Amino acid sequence: MKAKELLIMLVVTAGLVVAQTNAKDKIADQISELIETQDAAVKKFMDEVRALPREKQREAYQKGYPQFDDTIEALYTLAEESPAEAASLKAISWISSHNRGKELKPVIFAVLEKHHLDHSDLSEVILSFYGAKGENTQAFLATVVEKSKTQDARGAARYIQAIQIERETAKTAQYKALVEKLNTEHADFEVRGRKVAAMMKATLEAKEKLAIGKSAPEIIGKDVEGKEMKLSDYKGKIVVLDFWGDW
Amino acid sequence: MYPHERSLVERLKDKPFTILGVNSDSSKRYKKAIEENNITWPSFWDGGRTGGPIATAWAVRGWPTIYIIDAKGVIRFKNTRGKAMDEAVDTLLKEIENE
């Protein structure tokens with residue numbers, strides 16, 4: 001190959017790489033901009049609400065909360081247009097956290113499964129499914145548990161599977177099995193800096209100890225003046241134990 | 001909440017019954033709440049936060065949370081409120097009378 005041809009080839013290749021990088025950055029920028037614009041609108045709105053007299057805040061909050069629908073649609077479009085981009089994960093997390101418990105579009109689960117199943121940020125996306133129950137979500141979580149090569153993604157999937165059935169009394173056995181699995185395989189998995197497997201197990205054990213028909217565990221504490229009190233001081237009386245706060 | 005609890009305490013003042021609170025407010029707010037709402041029953045003070053030691057030991061994640069405990073110290077009802085709370089307490093009082 002002549003030197004001149006080699007040079008042309010190099011230039012063309014470099015140009016293609018630059019163009020691709022630009023397109024990538026452009027998508028990431030567009031996604032960031034959409035999210036930042038919406039977040040800024042929410043912040044501005046909240047500042048305005050907080051400036052109102054306290055009795056008017058609730059009404060203003062319910063009436064004027066910024067709409068998310070256009071941002072969600074725009075983010076969906078970008079994620080669908082550039083399914084393989086890691087920036088799409090950010091868009092998908094944002095949609096899921098702002099979608100009022102609605103699950104993601106089926107096409108997005110297909111995108112996640114095809115392009116991002118082993119991505120290190122997938123666990124963050126999965127944690128955004130917190131309030132979104134639905135068949136497609138459940139199917140996707142099962143796929144992650146079965147196929148993802150990323151430990152934290154599997155941990156997040158099992159964590160969300162557990163959270164979603166925690167309050168369903170008919171699924172207690174399934175919930176217990178998931179908590180066990182989290183403790184054996186994902187003991188170090190953290191959500192917002194907290195190791196959740198051990199916490200869930202402790203809560204589960206406390207709940208079993210506190211079931212109807214069990215002896216109430218002793219409480220030794222103090223009143224607000226520092227005087228010691230015990231639950232057993234009230235044995236022989238019926239006690240309505242009331243966890244309360246004036247808020 | 002407070003008016004119902006006050007009327008329950010008033011109605012059962014001669015019976016083996018008490019409301020026992022576990023309060024998660026700051027001490028300042030708690031003292032104010034007691035004064036303003038005429039709360040006459042005792043409360044544990046759980047350290048001024050929702051993650052206090054008693055609430056944690058009892059796995060409380062929502063407030064208010066109610067446990068009704070019988071005279072022998074057995075947990076008998078959970079999160080029973082309003083009229084159902086009155087009925088639950090009356091049932092347990094009858095058990096004592098029938099023994």
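Q: When is a residue called buried, and what percentage of chain B counts as buried?

A: A residue is buried if 20 or more other C-beta atoms lie within 10 Å of its own, exposed if 12 or fewer, and partly exposed in between, with C-beta atoms placed from the backbone. In chain B, 27% of the 99 residues count as buried; for chain A, buried residues make up 24% of 247. This is a predicted model, where local features need pLDDT of at least 70, side-chain atom pairs count only at pLDDT 80 or more, and totals for chains, interfaces and linings use all residues. Residues are numbered from 1 along each chain as its sequence is written, and chains are lettered from A and ligands numbered from 1 in the order in which they are written.

Q: Which elements does chain B have?

A: Helices (H or I, at least four residues) and strands (E, at least two) are DSSP runs, numbered from the N terminus. Chain B has four helices and four strands, in the order α-β-α-β-α-β-β-α from the N terminus.

Q: How many residues does each chain bring to the contact?

A: Two residues are in contact if their C-beta atoms, placed from the backbone, lie within 7 Å. Here chain B supplies 44 residues and chain A 29 residues. On the chain B side, S1(B) gives the most, with seven residues.

Q: Which strands pair between the chains, and in what sense?

A: Strands pair if DSSP finds at least two bridges between them. Strand S5 (residues 238-244) of chain A pairs with S3(B) in the antiparallel sense over five bridges. Look there for Asp242(A), which stands opposite Ile66(B).
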